[in-house]
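Please look over the chain shown below before reading on. The briefing is meant to be read with the sequence and the structure side by side.

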Amino acid sequence: MESYGDPKMDSRLRIAKMYSVSITIIVLSLFSPLSESNQFCDAGIGYGESTCGVDSSSPSKILIKGGTVVNAYHQQVANVYIEDGVIVAVQDNIMVGDDVKIIDATGKYVMPGGIDPHTHLAMEFMGTETIDDFFSGQAAALAGGTTMNIDFVIPVNGSLSAGYESYVKKAERSCMDYGFHMAITKWDDTVSRDMEIMVKDKGINSFKFFLAYKGSLMISDELLLEGFKKCKSLGALAMVHAENGDAVFEGQKRMIQLGITGPEGHALSRPPALEGEATSRAIRLAGFVNSPLYVVHVMSIDAMEEIAKARKSGQKVIGEPVVSGLVLDDSALWDPDFQTAAKQEFSLSPTILDLHFFNFLV
Ligand SMILES: [Zn+2]
């Protein structure tokens, strides 16, 4: 595992490099006996240090010995030899000299670090900010074997370059590999030009369009089409948060009129039909300009069926599954205890209403 201190490093390079260097040894007992204040330090990460995880005294040659190496297609008991952060060999019986640090992984799994492609660390939104920043969120990820995240840069007053600068600053607290997607919240010549700069100079090659959050991040179909065309011309990936924001707004007004102001109103104001509609619209408009599409956090059968149909017909559409979407439903939103009902994992947008879409990404 390797962390990068230079936030300007091209994120495509980070991703490419990550594949070659990130390796996580699953050591289940690693965190349990440690107090909260020193657990990150004992994991090789200094709490709150911007350079956490980067240790100049780290050996440049490491042999991870005797573990079960797990890849997507295969697992085998093998040794892993790493030189200057790059995996050089994975095989039986690697002989090394005295200058190599040996880690005994007998009885443990050795596997590539996971990538979380959808995070919002230190995101300022609707007058508040997400509680995890780039350090605390990444430290938690590392504890679970995720060694890279891709966070969404939110433009500042629509400005991509100002948004980028602000996220580079937030990411100074990073302790693992990361990359950026970027949201597009308005459209003009400057945004169009800045998208090009982001792709060519900053390594950001995926852009997210919000069809929800009316009055805040939501964009029109006209902007969506401009964005799709621009992504296509740059070879960038277009992403959508697919809910019909106008209809959600209508649903929210209806809930307030009915006096339903608890967490359950969140689900009732944005039923699956609104996710299905926006997913279908985004897919059809992407098809219209012949641009690939990535639909973030697919939460309902309605949306999943639209994606499955498009994929079956040969269109390039990717649906992003989210763990909460796979294992939870919306019943907790009706819990009489407000704290339980209001927990973020139950109150995601779109709301989690259906459980039965395990297979759509095949
Ligand atoms: Zn998101």
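This is a predicted model: local features need pLDDT of at least 70, side-chain atom pairs count only at pLDDT 80 or more; totals for chains, interfaces and linings use all residues.

Residues are numbered from 1 along each chain as its sequence is written. The chain has 12 helices and 15 strands, where helices (H or I, at least four residues) and strands (E, at least two) are DSSP runs, numbered from the N terminus.

**Overall make-up**

- Buried residues make up 36% of the 362 residues in the chain; a residue is called buried if 20 or more other C-beta atoms lie within 10 Å of its own, exposed if 12 or fewer, and partly exposed in between, with C-beta atoms placed from the backbone.
- Two residues are in contact if their C-beta atoms, placed from the backbone, lie within 7 Å, and among contacts between residues at least 6 apart in sequence, 71% join residues at least 24 apart.

**Strands and crossovers**

- Strands E10 and E11 pair in the parallel sense over 6 bridges, pairing being counted if DSSP finds at least two bridges between two strands, and Asp 151 has Phe 180 in E11 as its bridge partner.
- E10, H4 and E11 form a right-handed β-α-β unit; a crossover is right-handed if, with the strands pointing away from the viewer, the path from the first strand over the helix to the second runs clockwise.
- Because 6 of the 7 residues of E11 are buried, this strand is largely enclosed by the rest of the structure.
- E11 also runs parallel to E12, to which 2 bridges join it, and the bridge partner of Ala 183 in E12 is Lys 208; E11, H5 and E12 again make a right-handed β-α-β unit.
- E12 in turn pairs with E13 in the parallel sense over 5 bridges, with Leu 237 in E13 as the bridge partner of Ser 206, and the β-α-β crossover that takes the chain from E12 through H6 to E13 is right-handed.
- Strand E13 (residues 237-241) is mostly covered, since 4 of its 5 residues are buried, and it pairs in the parallel sense over 3 bridges with strand E14 (residues 293-295), where Leu 293 stands opposite Ala 238.

- In H4 the buried residues are Leu 160, Gly 163, Tyr 164 and Tyr 167. Seen down the helix axis, they fall within an arc of 100° and so line one face of H4, the arc being that of the directions from the helix axis to the C-beta atoms.
- The face of H4 turned away from this buried side carries the exposed residues Glu 165 and Lys 169, whereas the buried residues of H4 pack against E10, E11 and H5.
- Helix H5 (residues 189-201) has 13 residues and reaches 18 Å from its first C-alpha to its last, close to the 18 Å expected at 1.5 Å a residue, where the expected span is 1.5 Å times one less than the number of residues.
- The buried residues of H5 are Val 191, Asp 194, Met 195, Met 198 and Val 199. They cover an arc of only 140° around the axis, which puts them on the same side of H5.
- On the other side of H5, Asp 189, Lys 200 and Asp 201 are exposed, while its buried residues pack against H4, strand E11 (177-183), strand E12 (206-210) and helix H6 (221-234).

**Nonpolar cores**

- The largest nonpolar core has 58 residues, and those with the most contacts inside it are Phe 209, Leu 211, Ala 238, Val 240, Ala 282, Leu 293 and Val 295; such a core is a set of buried Ala, Val, Leu, Ile, Met, Phe, Trp, Tyr and Cys residues joined through C-beta atoms within 7 Å.
- Apart from this core lies another, of 10 residues, among them Ile 62, Leu 63, Ala 78 and Ile 82.
- Leaving aside its neighbours within four places in sequence, Ala 282 is in contact with Leu 211, Val 240, Ala 242, Leu 293 and Val 295.

**Backbone details**

- Asn 93, which is not a glycine, has a positive phi of about 45°; its place is in the loop between strand E4 (86-91) and strand E5 (101-104), and it counts as exposed, with 7 C-beta neighbours inside 10 Å.
- Asn 157 is likewise not a glycine and has a positive phi of about 50°; its place is in the loop between strand E10 (146-153) and helix H4 (160-170).
- Just after H5, Gly 203 takes a positive phi of about 75°.
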